[in-house]
Amino acid sequence: MKHRLPCWPNGFGRLLTALWLLSAPVLAQTITGRVNSGSDNQGMPGVTILEKGTTNGTVTDSEGKYRIALSGKGATLVFSFIGYTAQEVAVNGRTTVDVQLKEDATQLNEVVVTALGIAKEKKALAYSVTEVKGSEFTQARENNVANALSGKIAGVNATGLSTGPGGSSRIIIRGNGSLTGANQPLYVINGMPIDNTTPGGSATTNGGQGNVDRGDGMAGINPDDIESISVLKGGTAAALYGSRAANGVILITTKKGRAQKGIGVDFNSTFTAEDIAVIPDWQYEYGQGDMARKPTTQAEGIAWGRRSWGQKIDGSDFVGADGKTHPYVAQKKNLQNFYQVGKTFTNTIAFNGGNENITYRFSLSDLNAQSILPGTTYKRKTGNLNINGAFGPRITVEALAQYTLETGHNKTGAGDALGNPNWTPYMIGNTSDIRWLKPGYDANGTEIAWNDAPIASNSYFVINKYKEDDSKNRFIGQVGLRYKILENLSVKGTVSQDFYNYNFRYILPTGTLYVPNGQFTQMKTDVSETNAMLTANYNVTIAKDFGLSALLGANSRKYNYNQLNLFGNSFTIPFFYSSTNLANLTTTPTNQRIGTNSVFGSLDLDYKGIAFLTMTGRQDWFSTLSPKNNTIFYPSIGGSFVLSQAVNLPRVIDFAKVRASWAQVGGATPDPYAINLSYSMVPSSGQPLQNVSSSAITNANLKPLTSTTYEVGVDLQFLNRRLGLDLTYYNRATTNDIVQTSITPTSGYTSVYMNVGKLSNKGIEALVTVAPVKGRDFGWNVSYNMAYNDSKVIKLADGINSLQMATSVGNWAYINSIQGRSYGTIVGTTRVRDAAGNIVYDPTTGYAVKSDLHELGRGVPPLTMGLTNEFRYKNFSFSFLLDGKFGNKVFSVMEVYANRMGKLKRTLDGRENGLTVTGVTRSGDAYTNTIAKENLRTYYDNDKNYTELFLHDGSFVKLRQAILSYAIPAQYLRFAKVQSASLSLVSRNILTLYKRTDNFDPEQSFTNSSNQGFESLGLPRTRSYGLNLIVKF
Amino acid sequence: MKNTLYKFGIGLLTCLVLQSCDKGFEDLNVNPDASSTINADFVFTKAQYDAVGNMITGLQGTMQYTTSYNDVASWGSKYIFNQGTAPYTVFSNAYVNEINEIEEVVRSLEKDPAQSNKLAIAKIWRVYCYSKVTDLYGDIPYKQAAQGYVNSVFKPVYDPQQAVYADMLAQLESALGSFDASKGTFGAADLVYGGDLTKWKKFGYSLMLRMGMRMTKPDVASAETWVKKAIAGGVIQDDADIAKITYLASGQIVNQNPLSYWMLNSDYLKADGNSNPEGGKYHETFINYLKATADPRLPVLSVVYVNGKPSTDVSIQKGMKANIPNTKPSDFVTYSEPNQNTILKLNAPMLILTNAETEFYLAEAALRGWYTTETAAALYEKGTRAGLRQWSLYGADGAISQTAMDTYVKAMALKAGSFEQQMEQIYTQFWVSVFPNSQEVFLNWRRTGYPALVPNNYVGNITGGKIFRRMLYPATEENLNAENYYEAVGRQGADNFLTPIWLDK
């Protein structure tokens, strides 16, 4: 019964069977056995078994068992597996040979992919690199694979946005390194950079209609094509990539083909459903209305459509905005009734194969998502082809081609009210059912009013009549050719281009109450990032113990961003949405061209595999700076020492390594044309008009910025590698940071480019891995990571001690960077209090006195952590990830409105008998005042002047992910020629275990720009549940 | 193969040694959509459009011309302000637009003596631009303003208004003295006068007259000096000299009348009297006054929609009250609103400084004994007549018959009385004659107290039921220019709507 063949591709398997059948009658010597791992006594699948001196071989099956027919009697079997010491066993006439393989101490370290796609032994690294396998992204999925990094890696702060499918990601590694730069890492596929920009720029924190998240470059990457993701956190790791790597590098290695007979097929199918994660905790004691009265006419029903300032909810009759009489009862399900269950289907099929000369992998993927917002869809089709070939002994070629088509429809806007579909479900009066507003338009196609301010759109009108459409065609192509001049000397040339064209159209339709004749916005963008790189590699062993490896290279980067914006007003023929049908139309071109040339080199030395030294140097030339300041050289040096191989450590320690490194990375402004003043024509139908091109002050004296990092760390393994500890301390300082910062308009401009002083990020990162149980049937692995980043603005420019980075709607709060404080400080006002803590009131207005602006907290959490538990029992595995962030504040624009509309619980004070406030006047006299219950709305509305009232602790702990998998035993599937299959129940963002925000998700961020700390009425965040099937043929 | 490596090495070496790694980078960093040199004419035109279009529309409500049932839209007539940026707009728009533009123009013209006339005109315009800002806010960045690029001033100091006024008047005087008829000037790029130096001179002195009068409250002696200088220089006293910009009915928005554009798009685009996004209508006070005085402008300015059709029938004109608590009244359609055929035309002119305005100032000067050539009554009548005539600039529907004018002028003649009584009559007529220039009316109201508007005591107002005395600095100033902002506020008083600025002391 155990005559099962190894899980090996069909053709090969059949061939082996044939060989065995042929040889059996002649030799009749068949060996069976089992290979176990020395460390946990588990069966080891995939171990190669070779009859020594022949080509006769096999591999173990999924339980570690094998069967081999020998060709000679005095045979010796060689058992080998990567990372383990190969064993030779003489058969000596036995029919059963069981073997235990031992891990190879010298090969203890994994190999990881580092800069320029170079694989290095982990123990040789002088810096912290974390690698995540592609399989971690393909079961429980995020549409944007970058979001899936949340909680997985110490020091990597991934923030998913609440913008629906196709949205952007935001990843910050070891804190924000630049005050106003994007601060996101460089994304690299197979060694070459790709573009991660958001066409037209990120959504803003306070934008109006059309303020949608258009999606970044990572949104177009299919997780099924990813073999692994390496995160290079430190400057040393990134030094070879140059300026854009100052914020770290995320290296994506794509899957490659495998040499085999026939074609291997992998199929991965996922279905997930998502729903709203957080329902606001509104008050439901007093209903819709105003002046403590409920609406009794349709005019009142509309005027008070978003006011919950009515009378006690008592089940009596009232008239809604729809003019109908309804019972005056709480309607608690408006969010659930408005939003739907979102659905995402993802199917990927991959084919791979090849021979010893050429291997290939080709995948096709289709993602089809429906947002929780009715009518919003996102589709992504990806084709990915990877070819590796050898032409003769000296030349190897690798090529990658990826085509992606993303189409989005009716993506949500956020920020200000007009055209924001999320407004009505949050703000509608608490005794109105949002569905009464359906379909949002009348017989003439005109928006139906539901409240006193037409700027606050009827959400049904928005989802039914507003039109947002975008599409992105993207092609990534790479060709690399390596020529081996000598056995130890090779040169490699690689050319890559990431090109996309993007079309965006946003129609504010005819019939919109606020803009009756509509508005038209169109954006056409094409962007290309092209890199050509030439490197030479030389390896040599000197005097037996010394290894030397040198690399010399040059890179030329060209970046082109061409955009055409069309904006027009008033459709001449109603409901006909074309740029030809507008009363006026403005066309604005943007054409940016950037070039960076670089030469670089690195030198790696190792001594006996115990001590390692790495040095790099790079010189960059930037087109965006003036010729007198456009170049910078920056070096790095790092070393590591494997203590456990150098000296005898106590038995309990299996492995110990210390590492240290120092690195500099230089950088330039990412924007071209920032050095000279220029003048642009302004479209005019009369006399020609001209103006200064940029509202940002250009600066010819800009010089490159420098980011300097040093880090030290230890890597320890204890108790037969059941316990691992990886600790890092880093100190990263950015000097001469190039910022584009807001300045007072009285300067004649709204912002300025300048070099500013110094920004520091210091922190610790820890990774603890524990394997409490390593049984044959049952296994349990725990991994905990933690990072604390202390960011501090050391110095800004002379005479400037604060930079404004963002403002909320209504300027109710600001995000500043203040000298001596952390990056991204939330600034706002409080109610002035006297020494005894009494609130100071102004008797003229009756309102509390507003303080001057001052700092109220950090916008970015300093402390982040993640805890992963993986359990395996026979064919079942279960894993879950807890993810926590701590220490930041969030200012809620949604709550400012909810307070004004009488939906927050705090507005219950005074509803019955009026609100009596007591405090003191400025001169210290006692002050008391009673606001009649009829006037509470205006009184509470004034609270928006006090930022503190809507500022919350943004800390949270979430159950981020859970996966329950069952590996379907292959024998049940053999009829379908299936090699392996697994079925998983998956879930993301399942539960928030701890939060301090009652009415919204603390991760409710709308923009992937650097300005984090505001919540602004975006799409509610969701939790998802689904099913994943993986089948390999 | 050694050869290949050698070549590669040489390539890298060349790059490093000869520094040729940035070849072509300078050209690459030139914006293909912009020009590196200024065209002063084009920027000057832009500065004219921008300055004239920069206004605080809420003052239409404060001067009780218009109101809305909607609290946010009617902030100016209800003295509430809890959202948006409306009281900041003149300040925040001026510096990045017209002021920066005109400073750029001045800078480029200063280099060339042949351009001295253009330079003088640009400097007069610069005074106009700054005066619009300081008049509303008080102390403002002036000496260090708009020097972000040239002198890297990112936090300009706020200058006391008195100093700002002194410098503006000196600038005006010196520019007016530098005209040279033998040199060239602006042509069509000057939207106001087509470069006519004589007219610019009249505008300059009329601006001096306006600014001189502005100072009667804090410094009556200076006011007298400058008013007399202005009169001696020669001010606008002819309809042909009215400073105005004419616009186009279609095309780019920048070429359309900014006030009409705003009114249409916020309220009246649907032209049915009822569909009205921001809920605007004429104010009860304004319409009642026009009706009470049988003003022939009423049918020119105002319509009521009857069965979806506009009617200029005077008997049904009715202004809306400014105390409606944020709920659209059921009789909304029955209230008067602006006439689509005059005031709302996108090609209507914007009147910057009119014959009517100067005549009223001259009437006041006569009352004060600063001007004796004509009597106050005669000047007042000339102002009233000019105010009626100017509606013909809005097209055929604006023309008022000679008979109607004569009747009105006779009925409204300046009555004998005390200085105060005559001032009240002059500046009440000013209010109806200068409409819709609410900023000018507001500034004269602040100075003289006329027209004697009854303040609105709306629930939740933030002035204790008093009419505004000034506008607010943009909220971001406290964050972006804190030290200078706090210094100005410390000197001038709290940054609220009631603090009296120097002109108001």
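Asn691(A) sits in strand 33 (residues 689–692) of chain A, where helices (H or I, at least four residues) and strands (E, at least two) are DSSP runs numbered from the N terminus. This is a predicted model, in which local features need pLDDT of at least 70, side-chain atom pairs count only at pLDDT 80 or more, and totals for chains, interfaces and linings use all residues. Residues are numbered from 1 along each chain as its sequence is written, chains are lettered from A and ligands numbered from 1 in the order in which they are written, and side-chain values use heavy atoms, with hydrogens and water left out.

Asn691(A) counts as buried because its relative accessibility is 13%; buried means under 20% relative accessible area, exposed over 50%, and partly exposed in between (1.4 Å probe, protein chains only). Beyond its neighbours within four places in sequence, Asn691(A) is in contact with residues including Val43(B), Lys46(B) and Glu101(B), contact being heavy atoms within 4.5 Å. With the side chain of Glu101(B), the side chain of Asn691(A) makes a polar contact at 3.1 Å. A polar contact is a pair of N or O atoms within 3.5 Å; within protein, one must be able to donate a hydrogen and the other to accept it, and residues adjacent in sequence count only if both atoms are side-chain atoms.

The contact between the chains takes 97 residues from chain A and 84 residues from chain B. Together the two chains bury about 7,600 Å², 58% of it on carbon and sulfur atoms; buried area is the accessible area (1.4 Å probe) that two parts lose on being put together, summed over both. Across this interface there are 32 residue pairs in polar contact (both at pLDDT 80 or more). Helix 6 of chain B supplies seven residues, the largest share of the side of chain B that touches chain A.

Between chain B and chain A the count of salt bridges is zero, whereas over all chains it comes to 60. A salt bridge is a side-chain nitrogen of Lys or Arg within 4 Å of a carboxyl oxygen of Asp or Glu.

| Asp366(A) | Lys381(A) | 2.8 Å |

Asp295(B) counts as buried at 4% relative accessibility, as does Arg297(B) at 1%. Both Lys78(B) and Asp71(B) are buried. By contrast, Asp366(A) is partly exposed at 28%, and Lys381(A) is partly exposed at 41%.
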